[in-house]
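Biologist: I have not looked at this one before. Can you walk me through it?
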Amino acid sequence: MTSATVKWAAALCACAATPVVADTATPDTAIAAGNWVKVFSLDVERALGRSTRIDTTSVVAGGIGRTFREAQVMLNASGRYARGSTAFLARSVDCRGSRVVTTQWRVIGPTGTVLGTSTGVGTVGRVEWDSEDGKVLRYVCRGILPR
C-alpha cells in the first residue's frame, strides 16, 4: 500500500464509529460506508496538500440538482488542522445551472476528535468549472475523472 492509501485508511478507521455528514436520504450512514473514489492523481494531491474522495453511492438526485458526500484528507498540516484531519461534506450541485452548495460539513482530527462542524446550510455559489472544485463537481455531474 502507498503512504496516501495508508493515511486514507487510517482516517476512515479513526472515524468509522462516529456518525457524521451523510446525505439526506440515509442520515444514519457512517463515514466508512460507501464507495469512495479518489478524484485526483497522487501528484496533484501532493500539490494541493489534500486528497479528495467522492462517495459514488451517495450521488443521487436531490437538493439543487445532485447531492453527494465528499471527503478531503489533509496531507499536510494547514492552519488549525493537523496532518491527517479529514473534512466530510454533504454537498449539492446543479450541473446545468452551474450552482453548488455545501449543506453540512464536519472536520475530524487524526485521533477521531471533532474539530469543527457546520451550524447551517451554506450559501449557493457559482461553479467555476476550471478550478479544483470545478473538476470535483465535473466528476459528480459527468463521471469523468480529471487527468
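Predicted model: local features only at pLDDT ≥ 70, side-chain atom pairs only at ≥ 80, totals over all residues.

Biologist: Which residue does C141 form a disulfide with?

Modeller: With C95; the two sulfur atoms are 2.0 Å apart. A disulfide is a covalent bond between the sulfur atoms of two cysteines.

Biologist: Where do C95 and C141 lie?

Modeller: C141 is in helix α3, residues 132-142, and C95 is in the loop between β4 (86-94) and β5 (99-108), so the pair ties together parts that are 46 residues apart in sequence.

Biologist: And what does C95 count as in terms of accessibility?

Modeller: C95 counts as partly exposed, because its relative accessibility is 24% and the buried class stops under 20%.

Biologist: What is the handedness of the link?

Modeller: The link of C95 and C141 is left-handed, with -90° about the S-S bond.

Biologist: How many disulfides does the count come to?

Modeller: The count comes to one disulfide.

Biologist: Changing topic. How many helices and strands are there?

Modeller: The protein has three helices and seven strands. Starting at the N terminus, the order of elements is α-β-α-β-β-β-β-β-β-α.

Biologist: What share of the residues is buried?

Modeller: Of the 147 residues, 41% count as buried. The accessible surface is about 7,700 Å², and carbon and sulfur atoms make up 54% of that.

Biologist: Which side chain does R69 have a polar contact with?

Modeller: The side chain of D55, at 2.5 Å.

Biologist: Last topic, confidence. What is the mean pLDDT?

Modeller: The mean pLDDT is 83, and 78% of the residues reach 70 or more.

Biologist: Where is confidence lowest, and where is it highest?

Modeller: Among the elements, helix α1 (residues 3-15) is lowest with a mean of 41, while strand β7 (residues 125-126) is highest at 97. Across residues 1-29 the pLDDT is below 50.

Biologist: How many contacts does that stretch have beyond near neighbours in sequence?

Modeller: In the model, residues 1-29 have 45 such contacts.

Methods
Residues numbered from 1 in each chain as written. Heavy atoms only, no water. Polar contact = N/O pair within 3.5 Å; in protein donor to acceptor, adjacent residues only side chain to side chain. Disulfide = S-S within 2.5 Å. Helix = DSSP H or I, 4+ residues; strand = E, 2+ residues; numbered from the N terminus. Buried < 20%, exposed > 50% of the residue type's maximum accessible area, 1.4 Å probe, protein only. Areas by Shrake-Rupley, 256 points an atom, 1.4 Å probe, with all protein chains shown as cover. pLDDT = per-residue confidence, 0-100. Contact = heavy atoms within 4.5 Å.
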